[in-house]
There are 2 protein chains.
Amino acid sequence: MTETQGTQAAPSRRALIGWGGAGLALGAAAAGGAVAMARTGDDMDPAAAETGGAVEFHGAHQAGIATPVQDRLHFAAFDVKTEDRDAFVQMLKDWTDAARRMTAGKAVGEGAYGGLAEAPPDDTGEALGLKPSRLTLTIGFGPSLFDRFGLRDRRPEALVDLPQFPGDNLDRARTGGDLCVQACSDDPQVAVHAIRNLARIGFGKVAIRWSQLGFGKTSSTTPDAQTPRNLMGFKDGTRNIAGTETDRLKKFVWVGEDDGPDWMAGGSYLVARRIRMNIETWDRTSLQEQEDVFGRDKREGAPVGKAKEHDEPFLKAMKPDAHVRLAHPDSNNGITILRRGYSFTDGTDGLGRLDAGLFFLAYQRDVRKGFIPLQRRLSAHDALNEYIQHVGSAVFAVPPGVRDSGDWWGRTLFSKEA
Amino acid sequence: MTETQGTQAAPSRRALIGWGGAGLALGAAAAGGAVAMARTGDDMDPAAAETGGAVEFHGAHQAGIATPVQDRLHFAAFDVKTEDRDAFVQMLKDWTDAARRMTAGKAVGEGAYGGLAEAPPDDTGEALGLKPSRLTLTIGFGPSLFDRFGLRDRRPEALVDLPQFPGDNLDRARTGGDLCVQACSDDPQVAVHAIRNLARIGFGKVAIRWSQLGFGKTSSTTPDAQTPRNLMGFKDGTRNIAGTETDRLKKFVWVGEDDGPDWMAGGSYLVARRIRMNIETWDRTSLQEQEDVFGRDKREGAPVGKAKEHDEPFLKAMKPDAHVRLAHPDSNNGITILRRGYSFTDGTDGLGRLDAGLFFLAYQRDVRKGFIPLQRRLSAHDALNEYIQHVGSAVFAVPPGVRDSGDWWGRTLFSKEA
């Protein structure tokens, strides 16, 4: 089992289905793979780009965290609709089987299209013929899940409810959730297909509470890659944790054996925040003000007074309320989180303004030592607050990886309980 | 001037900006280009894929109609907020300049990042460093525009208000608009950037009425390409007009010299419909029913009784209410439209269901001989109606192309008027 997930050549869904689901030994071949390295500023291995590479589903950690960031996102939070624990566990097993197949580029169900004409297809079909496109599916459990199924004693201490931060303007319809699935892929149709099929399989047991499409990545988890720009036109998250930095991942992202509870070892905690940008106001702000707010130059993304994006920032050269200065680990006792955010635009707000911004996703070993202290500081002081508003929020315990073909999402939580 | 737009190698936005906006003679070089031919089921020329090719902005027709369909869409309808005709015309000229630059992969404004620190940047910046990505920008004028600026006498007869069709459930907030811009690109950030910058330039003169992100194309305008699947999992629009079919384009898409009014010669008419799919109901429908509804097999997309997607359908083998049968030109006195639709998903509807479907875009020479009779028939009889609902609607007169660097969007409409 490696710390990271590899990419490799994989046939199209079409071909796999044509072979009757026999498939390829993707898992075994990819288990030793290394993280794809960027060549041209993209988070994608050129060979994988050509073949629509599959990301290994099995591992000590779930894929979709340290995995090089894919281009597109479909994220869904679900509410549980059943009180039947066995039915819910069976759904998690069914989801795992479906996730294993979809991430390998296969349709859900062995007989998806050779099946019975009288029955609904096992797979909704819109990804048929598409490549795996580096699809990863990552599950998380929200605080409210632990009020169900006799799980109260198993809720991790680190899975705290997020406090109300200054300036929060949360929409209940975009906040919370008993569980979540993050689908990332280089093809949005593959990501949308995956969430939709999990929702379909979960019908009667869970229902989608909210979902979010992310049209473009804003973060990079690949060393030396160009950080993509957010909708403010800036490179933010330049000093993100790379998927190859085993030591920093262990220190800041993965729950350790001694952190507790046991079932979370190898897992992580996810904070999701829907951050609306006041695009129109920002666009009428001077370049100087914009650069002061971030503490970077807009063109290169270099910290104030420096030449290149990845140059070490000299924080004291920035204004005290500059975003980079306030968010930097040196200003926060070393706090570091792994960011995987995506830009979104969801039409207009009825006032002629785009409903657009950043769907912020961050993974960390402990929310109490990661997002919460960082956001307390930022929400109180960040110059950026004039131009953004947090309108959705959720936190999830992300369990460890599915180890092999007999394992399933949530086993460590559900199977060890008395 | 050619009938079609070419693709060609083009440097990145970064490089162009670095050269101080001197740029390349993109227009001249590309004017003689041919439509990119598909090789691998995609609507993209492999060489263009490597270089992030630019689509020529100038031509007898606007780009974005016969242009091979790009992967992503951002579409916006605007309302006019000024009564000052000169200000509006100046905005159209400014938009044209910006569109010319953005489609060539350049930032808006010569001094976008070398400009004054005290002023807002000329460009919002989030596409800086991205390639042209085959961006096309296509403008259209809605019926309500002709109630303004003394244009009443210039409204084309063919630009009728769409009738209410059976089953229409239109949301006023997603319907109509004085004008529209269709932005298509292989990179969603490039398309979103373009609409946002036009909205910014138009501030005070226009405001966005509604907008729609399309995450994946559902149509192909490239001969022999695989038709992408819609969110029902089917290939629909298989027999679309290809961008290379000059005769069919002339017959069905481009407004002719004798059609009138003069200012529309070389233009077209666009119908946009937001079609919500009842995804969850569809997914619980049997494969047989699904295939009966479309009149195609799901796996290959072949018409009933045939083997391949592009085989000539035998309509009488299908059920009388099958979608393909009802929509086929042979059932409609030869009516043919050019489709350029995109799949969308905009979160959830508050009832645990995805708000997803098809954003239908169709170009035609005359709406009265294209979409209206076709939709009258489909809305009354199509078996698909049980699973879809039209929730947004708009129609636009799409003027001819911008001929050269001195020309501008809407000149034929505004400059010839007394």
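Buried here means under 20% relative accessible area. Keep that cut-off handy for the exercises below, and remember that the model is predicted.

**Exercise 1.** Work out whether Asn197(A) is buried or exposed, and find what surrounds it.

*Solution.* 
- Start with location: Asn197(A) sits in helix α5, residues 188–201 of chain A.
- Now apply the cut-off. The relative accessible area of Asn197(A) is 0%, and buried means under 20%, so Asn197(A) counts as buried.
- Next, look for a polar partner. The side chain of Asn197(A) makes a polar contact of 2.9 Å with the side chain of Arg200(A).
- Finally, skip the neighbours within four places in sequence. What's left in contact with Asn197(A) is Met102(A), Val108(A), Asp122(A), Asp123(A) and Thr124(A).

**Exercise 2.** Find which residues of helix α8 of chain A are buried, and decide how they are arranged around the axis.

*Solution.* 
- Helix α8 of chain A runs over residues 287–294, and its buried residues are Leu287(A), Gln290(A), Glu291(A), Val293(A) and Phe294(A).
- Look down the axis of α8(A): these buried residues fall within an arc of 155°, so they line one face of the helix.
- Then check what follows the helix: Gly295(A) comes after α8(A), with a positive phi near 80°.
- For context, the UniProt annotation "domain: Dyp-type peroxidase C-terminal", from an unreviewed entry, covers residues 227–402 of chain A. That span is 20% helix and 23% strand, and its end C-alpha atoms are 30 Å apart.

**Exercise 3.** Explain why strand β4 of chain B counts as largely enclosed, and identify its pairing partner.

*Solution.* 
- Count first: six of the six residues of β4(B), residues 136–141, are buried, so the strand is largely enclosed by the rest of the structure.
- Now the pairing: β4(B) runs antiparallel to β5 of chain B (residues 179–185), with six bridges between them. One to check is Thr136(B), whose bridge partner in β5(B) is Cys184(B).

**Exercise 4.** List the residues that touch the most other members of the largest nonpolar core, then follow up on Phe88(A).

*Solution.* 
- The core has 156 residues, and the top contacts belong to Phe88(A), Trp95(A), Leu179(A), Phe88(B), Trp95(B) and Leu179(B).
- Leaving out residues up to four places away in sequence, Phe88(A) touches Val80(A), Thr82(A), Leu145(A), Phe149(A), Leu179(A), Val206(A) and Phe414(A).

Definitions and conventions
Residues numbered from 1 in each chain as written. Chains lettered and ligands numbered in written order. Predicted model: local features only at pLDDT ≥ 70, side-chain atom pairs only at ≥ 80, totals over all residues. Heavy atoms only, no water. UniProt positions renumbered as here; feature names shortened; annotations may be inferred. Helix = DSSP H or I, 4+ residues; strand = E, 2+ residues; numbered from the N terminus. Buried < 20%, exposed > 50% of the residue type's maximum accessible area, 1.4 Å probe, protein only. Arc of directions from axis to C-beta. Polar contact = N/O pair within 3.5 Å; in protein donor to acceptor, adjacent residues only side chain to side chain. Contact = heavy atoms within 4.5 Å. Core = buried A, V, L, I, M, F, W, Y, C linked by side-chain atoms within 4.5 Å. Pairing = 2+ DSSP bridges.
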